[in-house]
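Student: I've got a model open and I'd like to walk through it. Can you help me read it?

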Amino acid sequence: MNRATVNRIITVTPNPAIDMTYTVQGITEGASHRVPTPLSRAGGKGINVARVTHQLGYPVLAIAPTGGAAGQTLAAELWTSGVPHTLVGVAAETRRSIALVDTVAGETSIFNEEGQALLPDDWRSLRIAVVEAVSGNRNLPASVLVGSGSLPPGAPADFYPELVRLAHDAGIPAIIDTSGPGIIAAAKAGADILKPNHHELAEATGESSLEAAALSLIAMGARTVLVSAGADGMLAFDHAAPGGYWSARLPEALSGNPTGAGDAGVAAAAVALAEGVTEPREILRRATAWSAAAVLMPAAGEISPRYQELQDQLIVTWKETQ
């Protein structure tokens, strides 16, 4: 499909951040480390989704609340990067996220600030921006609405369910990637795709079995559940096939920086839906390949040009539920 004919993908990031990625050659606890200047860019899960989508030439709009000096930095970086965006000005200072990529241990440690509470008027302004993006622009119609990331303290409990309702009222699908109670709420609202990782899935549902946890979200109302499982790849559960699920993985795990890998998977799923692809197996293949391609890059929000090569290497299998 010609990318120019795909309608715009809208991403919403309620708790954006300035992402700072430090690459270090070994970390010694309790010691002082001299490090190179970090890679600093606008981040937060939805912004990462938008950045990957934009990188591959698909129309996208990133929506987020921003405030304070960090918010100004975030806005300036988005302008420089060329990612289309609508930023809602708020009083709360935009948070920061720090990733320490240890090239010796092959591990990445992430420190995410919680973020500051938004005012009720801020949430109303954010909602207005989303409504205008999904239904108020006939020249730039929306194809998919993506809600991604954590919520700042005091956020409305129905924030993600409201995004699902806004999307469905506009006749487009909704993808939600969050953690905690937000996963359950979005499932009950009928999200078209939920994209937790296996840790978030277990924590939200209280189920020790990954299969049982994913199927419980389907039973609540989610249409499709994509589960990131680290080196084991990704799984896809779908409401139309309760007897099993698809599994996709590479023959060997990749080494690199996994920060943003899940966001790249969400970008792939959003692009697939925007192109009219609804078959869970194909969405899973794209999401797994893009996620793997993100691991090969130094920071979140971009993927390696090897994504198609990686997609061709995937081992995709159907597994019966126990």
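Student: Let's start with one residue. Is threonine 66 buried or exposed?

Tutor: Threonine 66 counts as buried, because its relative accessibility is 10%. Buried means under 20% relative accessible area, exposed means over 50%, and partly exposed is in between, with a 1.4 Å probe and protein chains only. A word on the source: this is a predicted model, where local features need pLDDT of at least 70, side-chain atom pairs count only at pLDDT 80 or more, and totals for chains, interfaces and linings use all residues. Residues are numbered from 1 along each chain as its sequence is written, and side-chain values use heavy atoms, with hydrogens and water left out.

Student: Okay. Where is threonine 66 found?

Tutor: Threonine 66 is in strand E4, residues 60–66. Strands (E, at least two residues) and helices (H or I, at least four) are DSSP runs, numbered from the N terminus.

Student: And what does threonine 66 touch?

Tutor: Leaving out residues up to four places away in sequence, threonine 66 touches Pro16, Gly71, Leu74, Leu87, Val88, Gly89, Val90, Ala92 and Thr94. Contact means heavy atoms within 4.5 Å.

Student: Which sheet has E4 in it, and in what order do the strands come?

Tutor: An open sheet of 10 strands, in the order E5-E4-E1-E8-E9-E10-E11-E12-E13-E14, with mixed pairing. Two strands pair if DSSP finds at least two bridges between them.

Student: Which strands stand at the edges?

Tutor: Strand E5 (85–89) and strand E14 (315–320). Each has a single partner strand, so one side of each is left without a neighbour in the sheet.

Student: How do E8 and E9 run, parallel or antiparallel?

Tutor: Parallel, with four bridges joining strand E8 (residues 142–148) to strand E9 (residues 174–177). Leucine 145 stands opposite alanine 174 in E9.

Student: And E12 with E13, parallel or antiparallel?

Tutor: Antiparallel, over three bridges. A hairpin of five residues joins E12 to E13. Alanine 236 has tryptophan 246 in E13 as its bridge partner.

Student: How many bridges pair E13 and E14?

Tutor: Six, and the pairing is antiparallel. Glycine 244 has glutamate 320 in E14 as its bridge partner.

Student: Which helix lies across that end?

Tutor: Helix H9 (residues 280–295) lies across strand E10 (193–194), strand E11 (224–228), strand E12 (234–238), strand E13 (244–249) and E14. H9 runs at about 155° to E12. Axes here are lines fitted to C-alpha atoms, for helices over the stretch in contact, and angles run from 0 to 180 degrees between N-to-C directions.

Student: There's an arginine 285 in H9. Buried or exposed?

Tutor: Arginine 285 counts as buried, because its relative accessibility is 17%. Apart from neighbours within four places in sequence, arginine 285 is in contact with Gln311, Leu314 and Val316.

Student: New topic. What is the strand order in the four-strand sheet?

Tutor: E3-E2-E6-E7, in an open sheet with mixed pairing. Strand E3 (39–43) and strand E7 (107–112) stand at the edges. Neighbouring strands of this sheet are turned by 20° against each other on average, direction ignored.

Student: What joins E2 to E3?

Tutor: Five bridges join strand E2 (residues 17–24) to E3, and the two run antiparallel. Threonine 21 stands opposite leucine 39 in E3.

Student: Which helices pack on this sheet?

Tutor: H1 does, touching E2 and E3, and its direction makes about 100° with that of E3. Helix H2 (residues 68–81) does too, touching E2, E3 and strand E6 (95–102), at about 90° to the direction of E3.

Student: What about helices against helices? How do H6 and H7 pack?

Tutor: Helix H6 (residues 198–205) and helix H7 (residues 210–220) pack at about 70°, with axes 9 Å apart. They are therefore roughly perpendicular. Angles under 35 degrees count as roughly parallel, over 145 as roughly antiparallel, 65 to 115 as roughly perpendicular and the rest as oblique.

Student: Which residues make the contact?

Tutor: His198, Leu201 and Thr205 of H6, and Leu210, Ala213, Ala214, Ser216 and Leu217 of H7.

Student: Last pair. At what angle do H1 and H8 cross?

Tutor: Helix H1 (residues 45–55) and helix H8 (residues 261–274) cross at roughly 60°, with axes that come within 8 Å. H1 and H8 are therefore oblique to each other.
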